[in-house]
Amino acid sequence: MCGIVGYVGEKKCTPILLNGLKNLEYRGYDSAGIAVLEKNSIQIRKAKGRVKNLEELMQKDLCEGTIGIAHTRWATHGKPSKENAHPHEDNSHSFALVHNGIIENYKQLRRFLKEQDYTFYSETDTEVIPNLIHYYYTKQEKTKKGFLQAVALACKKLEGSFAILVLCKDFPKTIILARRNSPLVVGKGENEYYIASDMPAILEYTRDFYFLEDNEITLLEKDSIDFFDFDLDKHKKELVHSGLNRHASSKNGYQDFMLKEIEEQPQAIFETLQKEIELPLSRKEISSFSQIYIVACGTAMHAGLVGKTCIESFCKIPTFVEIASEFRYRNPLVDSDTLCIFISQSGETADTIAALKLAKQKGAKTIAISNVMGSSLVREADMYFYTYAGPEIAVASTKAYTSQVCLLCMIAISLAKQLKTTSKNELESFKKELLQLPQEIESILDNKDSIQLLAKQLYLEKDMFFLGRGIDYATCLEASLKLKEISYIHSEAYPAGELKHGPIALIESNTAVVGILTEETLLDKTISNLQEVMARGAKIFVVTNQVLPENNFDFIFSVPKTNRFLSPILSIVPFQLFSYYIAKEKDLDIDKPRNLAKSVTVE
Ligand code: F6R
């Protein structure tokens, strides 16, 4: 999805902006552009396609200024094209602006502005904003305060989501920033500030950040930063130091972020497990919960499925998992006796945020789990906990998933402790098993060559089926999603017992079927289901932590045995590697699969 970078300081801004945009490439985009303030003019360069196209253009057509804004666009209103790329200008070429988000009332605003003789040159919703700013600016004194006032008045008229950076040719030292429902961070340097929609874009320059809030506007110059609300009441804001190291968002010698992130899982889980989880709720409050909802999208929802099993077992509270885009539109039966847990790596997924707002409106207590400090989800929730996986750059989620599962297990422990629904001894030994996970994942990673060999055998498959029962079914869903999204192989995940009710019709000679076998009590049943498909000609590949009876499966990969609720954290790792190596064999763009974006900030 769209990305924003900005700079104000003493250095030439073009290389910094281009580098920031490259750091945001993982988010998925179709065009890129830059605006630089040079004396009293704004220089704009745009290109369709990759940031390198923009870079090539700028090598021929230099911009020398020390203050600028930049953007990668992921088309929502209007096709990918140079005309629709940001920055957008107002008709008088006085303002240039980049925007993340969607302006829901842009049609009304466009109509209004056309009545005032403004002309539009793009198909975007964004182009109304610089023109609206200009409209209000013409009614103000031509001072910095007038510029600020014009942006604030325009923001008040906008409906929907926006993070914007605005330049005005009358103020060659100033950038104005504003946001609502779309993230913006400002990084502080020496006599300079870096701006980004996502911290990884600027992590190599600074680790001190201001996180902008909704309905906040910021006036930025190289040596000053002032925060206001849209009524221009000024307030102070705390500078937050991020513990992330500067290599956290670089490949650091790896060919792809995805492999780096798969291999970072022992560290990510270790870091996540270091923090104590104390729910700021009394025993009475926790006892009042009659149900728990876990709401998320995609891989984060799959983490919820694992968490549900653990929470129900330890806390004895009925727990339901829902896809956020469904939950938000179906008037769910949640009330003040409901605890709702929302999971989002980015903390910016539009559906998950909307679902959280709905649950709050209905009086539920809300917990956010996110991997991104200060993300929108975290800001909206009653309570929040972070996974400490470090920036996840590859579109396919890996280390965030396993860290989310760990965090849910820790929440289960904390709830069960208060409720006294599980013995202290059991919780203590569960904790010990959690702490073993990093080294157990290391041992799986040590055997990655055998997974690579398997991928070499199977990369030309057209379809694959993943079968498992109980908690293994959650792993099947996640393994199947990983395969689809980066290798473009069609795959389906089924509870193994469900196969006979239809899908078995798809099995023919040499169909690839994967079985996940960690549920000890269900082992025989799942093996029988695998034998049924084998009898119809399927090739069988198995990941297990059990000692299997004699069999003629085509491939068996063993993972360490751990607590039942933790087995998905180990059994997903071979499938992350499998999807990665298949995509590698197919020479695909692993970190940026087609049609996908890292954080889905629109519905
Ligand atoms: C799959 C994947 C997506 C995300 C989903 C939610 O590998 O990454 O399915 O899990 O888009 O994203 P977050 O967790 O940022 O809300």
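**Ligand, sheets and loops**

Reply: Begin at the ligand: a backbone N or O atom of glutamine 345 lies 2.7 Å from an oxygen atom of the ligand. Such a polar contact is a pair of N or O atoms within 3.5 Å; within protein, one must be able to donate a hydrogen and the other to accept it, and residues adjacent in sequence count only if both atoms are side-chain atoms. The model is predicted: local features need pLDDT of at least 70, side-chain atom pairs count only at pLDDT 80 or more, and totals for chains, interfaces and linings use all residues. Residues are numbered from 1 along each chain as its sequence is written, and side-chain values use heavy atoms, with hydrogens and water left out.

Me: Which residues come nearest to the ligand?

Reply: A residue is near a molecule or strand if one of its heavy atoms lies within 4 Å of it. Here 14 residues are around the ligand, and Ser344, Gln345, Ser346, Thr349 and Glu485 come nearest. A polar side-chain atom of glutamate 485 is 2.5 Å from a ligand oxygen atom. For threonine 299, a backbone N or O atom lies 3.1 Å from an oxygen atom of the ligand.

Me: What is the strand order of the open sheet with parallel pairing?

Reply: Strands of a sheet pair through backbone hydrogen bonds, either parallel or antiparallel. Helices (H or I, at least four residues) and strands (E, at least two) are DSSP runs, numbered from the N terminus, and two strands pair if DSSP finds at least two bridges between them. In this model, an open sheet of five strands has the order β17-β16-β18-β19-β20, with parallel pairing. Its edge strands, β17 (319-323) and β20 (383-386), each pair on one side only. From one strand to the next, the twist averages 20°. Six bridges join β18 (residues 338-344) and β19 (residues 365-370) in the parallel sense; phenylalanine 342 has alanine 368 in β19 as its bridge partner.

Me: Which strands does helix α9 touch?

Reply: Contact means heavy atoms within 4.5 Å. Axes are lines fitted to C-alpha atoms, for helices over the stretch in contact, and angles run from 0 to 180 degrees between N-to-C directions. Helix α9 (residues 298-315) packs on the sheet and touches β16 (291-296), β17 and β18; its direction makes about 175° with that of β17.

Me: What is the order of the sheet with antiparallel pairing?

Reply: That open sheet has seven strands in the order β5-β6-β7-β8-β12-β13-β14. The edge strands are β5 and β14 (234-235), each pairing on one side only. Strand β13 (residues 224-229) pairs with β14 in the antiparallel sense over two bridges, and phenylalanine 227 stands opposite histidine 235 in β14.

Me: How many disulfides does the structure hold?

Reply: A disulfide is a pair of cysteine sulfur atoms within 2.5 Å. The structure holds zero disulfides. Cysteine 63 is in none, and the nearest cysteine sulfur, that of cysteine 13, is 7.6 Å away.

Me: Is cysteine 63 buried or exposed?

Reply: Buried means under 20% relative accessible area, exposed over 50%, partly exposed in between (1.4 Å probe, protein chains only). Cysteine 63 is buried, at 6%.

Me: Where is asparagine 181?

Reply: Asparagine 181 sits in the loop between β8 (175-180) and β9 (185-188). Its phi is positive, about 60°, although asparagine 181 is not a glycine. With 32% relative accessibility, asparagine 181 is partly exposed.
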